[in-house]
Amino acid sequence: MFVWSKRLVAGLLGGFVLLLVLFLLEGSPENSSGLKIHTTRWMALNYAGLIIWVFVWMIDQARVRGKNVWLWLLPFLFAPLPTLMLFVLFLQRRLS
């Protein structure tokens, strides 16, 4: 699992933070959304399923390497993508 480089992860995390800040600054609470409620619910259901699937993968990878994945649960619930990237980097550390 030595595919991810530290430069790649730093760039992805930086891009994520930049897009998050841009999203928060551009959104105004006065505007109503054009999405229908069932579309929003469908997207939320798909997102929840993806989050569960990725965390199960994290459990499997941690079990194979003898690490504790439950420490990563709370950060994963608040920010799944950055936590996943940091988890992958954590698993790539060389043991001495």
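Which residues form a nonpolar patch on the surface? I would like to start there, keeping in mind that what we have on the screen is a predicted model. The patch is formed by Val17, Val21 and Leu25, which together have about 290 Å² of accessible area. Val17 belongs to helix 1, which covers residues 6-26, and with a relative accessible area of 47% this valine counts as partly exposed, because it falls between the 20% and 50% limits.

The largest nonpolar core has twelve residues, namely Ile51, Val54, Phe55, Met58, Ala62, Val69, Trp72, Phe76, Leu84, Phe87, Val88 and Leu91. Helix 2, residues 37-65, and helix 4, residues 80-92, each supply at least two residues of this core, and helix 2 gives the most, with five.

Finally, the charged side chains. The count comes to one salt bridge, and this is the pair formed by Arg63 and Asp60, whose closest N and O atoms are 2.8 Å apart. Both residues lie in helix 2, three residues apart, or about one turn of the helix. How exposed are the two partners, then? Arg63 has a relative accessible area of 59% and is therefore exposed, the limit being over 50%, whereas Asp60, at 31% relative accessibility, counts as partly exposed.

How values were computed. Residues numbered from 1 in each chain as written. Predicted model: local features only at pLDDT ≥ 70, side-chain atom pairs only at ≥ 80, totals over all residues. Heavy atoms only, no water. Core = buried A, V, L, I, M, F, W, Y, C linked by side-chain atoms within 4.5 Å. Buried < 20%, exposed > 50% of the residue type's maximum accessible area, 1.4 Å probe, protein only. Helix = DSSP H or I, 4+ residues; strand = E, 2+ residues; numbered from the N terminus. Patch = residues over 30% accessible without salt bridge, like charges linked within 9 Å, V, L, I, M, F, W, Y side chains within 5 Å. Areas by Shrake-Rupley, 256 points an atom, 1.4 Å probe, with all protein chains shown as cover. Salt bridge = Lys/Arg side-chain N within 4 Å of Asp/Glu carboxyl O.
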